Every structure is written in structure tokens, then in C-alpha cells.
Amino acid sequence: MRIVAPSSGTYYHIESLEAPRYAEVFDVVTTPEELGAVLTPDDCLFVPCRTPAQRMIAQKELVAGHLAAGGTVVATGESRSDLWLPGIAFTSVPTNWWWWLDPEADLGNRISAPGHPLVRDMDKAHITWHLHGWFALPGGATVLAEDAEGRAIFYEDRVTTPGQMIITSLDPMFHHGSHFMPAATLFLDRFLPNLKAYLNG
Amino acid sequence: MSVLYIQSAYEAPPKPVRAASEDGRLAVVRQEDLTLEALGSATGLITHNQLDQNAFLTLKPHLEDFMDRGGRWFFNGHIVRPLLEGLGLYLPMEKPAFADFRQTRLAAHPIFEGIEIAHLETNKGVAGFYGRGANPMPDGAVAVTELRRGTVPVDWVWPRPKGGRFFSHAGNDLGQFGIEQGLPPLLHSRIIDWAAGGACL
């Protein structure tokens with residue numbers, strides 16, 4: 001299965017999608033506006049974090065059609081996926097970026113489904129940098145990771161549409177592409193191969 | 001005088017930018033709505049971290065013309081596309097430590113006049129937001145702020161030989177720093193003044 005990633009041309013998208021570390025993961029890097037000419041139902045649409053939401057809102061019908069045809073969508077955080085994907089119930093939380101200054105502190109994010117192939121060999125170290133918000137899930141969806149209060153921050157939804165949605169509020173590409181949070185790079189180092197294997201498995 | 005704030009993000013611009021727009025000091029233009037006519041009559045540009053550099057690269061001849069006419073461009077973020085002749089691509093610091101984020105002021109600049117450097121180095125005690133590397137300085141550029149004991153030019157001004165001035169801030173948007181000291185309105189105001197042709201080096 002091809003992974004098709006719409007780049008919004010931000011420095012962190014270009015660094016994350018095109019630099020050698022992950023370039024081979026993405027079969028097609030295009031733009032949100034060109035998806036209509038590129039995306040097929042056999043593809044996985046991978047929307048990188050911090051995509052300016054208006055770019056995907058304009059593709060809402062196309063994305064709905066992709067899911068209706070059985071396609072796969074991965075949507076990472078801070079891109080307002082609630083505005084362009086069906087069935088997303090998102091609650092944002094104020095970002096506490098200084099939580100770790102207390103040596104005793106624990107952001108509290110944890111893997112909920114350690115046996116799931118999408119989070120294989122991942123633990124809290126792979127998902128701990130910031131918390132941006134949580135999701136209320138439809139019945140039948142699978143929580144992959146949760147915050148300290150047990151609220152979903154990463155999940156798989158195979159029930160809302162004929163396709164599948166893999167959704168997270170984590171924003172790894174912004175931080176990796178900013179050369180900022182090593183944990184965000186750890187996340188991508190594991191999740192992207194896991195995703196590739198899962199899609200082709 | 002015509003300063004354009006190029007809004008690439010979904011979210012509205014910061015409050016001081018909106019206020020400046022209401023006061024007529026600048027015009028907020030969505031990046032996708034930027035016309036060659038508007039760029040052709042602008043004298044100042046302010047771009048932020050979510051700039052679509054792929055889209056902007058297609059405007060390169062017009063951006064060169066803008067600069068040749070004496071334009072001022074305040075650039076926030078990492079340069080990952082050669083948007084103007086003479087610009088190089090962002091270089092992150094290798095393995096930065098906390099001490100590497102200490103800033104050294106190498107040249108006085110009106111944007112920073114009277115602002116304590118310590119107020120820009122950290123947010124709530126966390127360093128690294130201001131910048132984690134540098135856009136390479138073109139020939140003739142003047143370093144304003146450096147990291148890593150004065151070796152990494154995170155801020156510089158380029159009085160371009162063919163005309164115009166380019167201010168590079170290679171980090172999160174400069175206007176958002178010094179939150180605890182209430183600096184964002186002052187910083188935004190000074191960035192706008194500079195882009196409008198105000199005092200420079």
C-alpha cells in the first residue's frame with residue numbers, strides 16, 4: 001500500500017517528509033490541493049501534524065470519499081482533524097511545555113494496547129513530549145495510547161466508515177522537523193515502520 | 001508604505017498583528033490569496049513559521065523584484081528552500097546543551113532595544129524555543145544574536161547588495177517571546193515598524 005503524504009510546505013513538513021531519515025517511508029509527497037489527482041482507495045493518506053487546517057478542510061469531500069471506498073487515513077495532531085474527518089470528537093487542552101522541569105514529573109501518556117502492531121515496541125518514552133488534547137471515541141474503536149486521565153490520544157477507528165482512521169493528537173513531525181523533542185523522533189522511528197508493516201501485512 | 005503579514009496558519013494571527021491590521025499599519029493576507037499585484041505593491045513582508053515555502057519558491061522572481069525595489073522581509077523560521085538568491089538552508093546545532101541556548105547580542109538593533117536578553121532565552125525556564133540553529137548568513141549579512149557562545153547566528157540582517165533588507169530569525173516566531181514579561185506586543189510592533197522601513201542597524 002502506498003503512503004501518500006500531503007505537504008503544506010512548512011519547514012517541518014519538508015524536513016520530516018523529505019530528509020533521508022524518513023523519505024523512503026512516503027511513497028508520494030504531494031500537496032493537499034493535488035490529492036484529487038493522486039490518491040486512490042488503495043492508498044494510505046498520511047496527514048502530517050500541524051497542517052494548516054484550511055488546506056485539508058478544502059479536501060473534506062475527497063477524504064470522505066476515500067474512506068467510503070475503504071481507504072486508510074492517518075491524521076496526526078494539531079491539524080484540526082475534527083474539521084475534515086468524520087466522527088472525530090476532540091477536546092484540546094492548554095499545552096504545559098514545562099512539565100518536565102520537576103524531576104518527579106510524569107506527563108502520564110502511556111500505551112494502552114501494547115500488543116497492537118501499530119505500537120509494537122513502543123512505550124511511554126515514544127509518546128511523551130507534550131499533551132495537546134484527547135478524543136472521545138465511538139464504540140468499537142481501539143485506543144492505542146492514553147493520557148494520565150485515561151483519555152484517548154491515539155486510536156484506530158474501523159467502525160465509523162468503511163475505511164480505517166488512525167488518529168492522534170501527538171504532533172511528532174513538527175517537533176522532529178524542528179530538531180526539538182528527541183521523543184518525537186523516537187515516535188516516528190517506531191511508528192512509521194510499524195505503520196508500513198501494518199498496511200502491507 | 002504597505003506591509004503584508006502573510007498568514008499561512010489556520011488560526012488567526014496573534015492579537016498584536018490583528019490590532020495593527022485594524023489600525024492600518026499592515027494588511028493580513030492569507031498566503032493562498034496573495035496576488036502578484038499585492039506583492040508588487042508591497043514594501044514590507046512578514047512571514048511566519050507555517051509559511052508554505054514550496055508555494056513561496058514559485059514566487060522567487062517576484063520576491064527578488066520586491067527586494068530589488070528596497071523591500072523589507074522579516075522571516076521567522078527555518079529556510080529550507082532557496083527563496084532568494086544568496087540564501088542558504090537552515091543548519092541545526094548538533095546536540096545542543098542548555099548552555100548553547102544562551103544568547104549573545106553581537107549588534108544593536110532597534111527590535112531589541114531595551115529588552116533584556118535573558119527574557120528571550122527561556123519560557124518558564126525552558127530553553128530552545130527561541131532557536132536551535134541558524135539560517136546561514138549570506139555575504140554581507142550582519143549577525144544580531146548568536147547562540148552557542150556567539151557561534152550560531154540565530155538572528156541576522158542582510159542589507160542586500162541589489163536592494164532591500166532581509167531579517168532572519170531562525171526559530172519560533174519572534175513576536176511570541178518574553179510572555180512572562182509581557183513583551184509580545186512590543187516585539188510585534190517593532191517587527192512591523194522594521195518591515196515598514198523603520199530604523200535598522
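Modeller: A residue is buried if 20 or more other C-beta atoms lie within 10 Å of its own, exposed if 12 or fewer, and partly exposed in between, with C-beta atoms placed from the backbone. By that count, 47% of the 201 residues in chain A are buried. This is a predicted model: local features need pLDDT of at least 70, side-chain atom pairs need 80 or more, and totals for chains, interfaces and linings use all residues. Residues count from 1 along each chain as written, chains are lettered from A and ligands numbered from 1 in the order written.

Start with confidence. pLDDT is the predictor's confidence in each residue, from 0 to 100. Chain B averages 97, and 100% of its residues reach 70 or more. Its lowest mean, 86, falls in strand β7 (residues 122-123) of chain B, while β4(B) has the highest, at 99. For the model, ipTM is 0.97 and pTM is 0.97.

Now chain A. It holds 7 helices and 10 strands (DSSP runs numbered from the N terminus: H or I of at least four residues, E of at least two). The C-alpha trace of chain A spans about 50 × 40 × 35 Å along its principal axes.

The largest nonpolar core comes next. A core is a set of buried Ala, Val, Leu, Ile, Met, Phe, Trp, Tyr and Cys residues joined through C-beta atoms within 7 Å. The largest one has 43 residues, and L45(A), V73(A) and V74(A) touch the most other members. Helix α7 (residues 182-200) of chain A gives the most to this core, with 7 residues. Residues up to four places away in sequence aside, V74(A) touches C44(A), F46(A), V47(A), I166(A) and L195(A). Apart from this core lies another, of 42 residues; A134(B), F166(B), A170(B) and A195(B) are among them.

Just after α6(B), G197(B) takes a positive phi of about 100°.

R18(B) counts as partly exposed because it has 14 C-beta neighbours inside 10 Å. Neighbours within four places in sequence aside, R18(B) is in contact with A12(B) and P13(B). R18(B) and Y5(B) sit 13 residues apart along the chain, and their C-alpha atoms are separated by 9.8 Å.

Last, the place where the chains meet. The contact takes 16 residues from chain A and 20 residues from chain B. On the chain A side, α1 (11-18) and α4 (53-57) are the elements that give two or more residues. α1(A) supplies the largest share of that side, 3 residues.

Methods:
Two residues are in contact if their C-beta atoms, placed from the backbone, lie within 7 Å.
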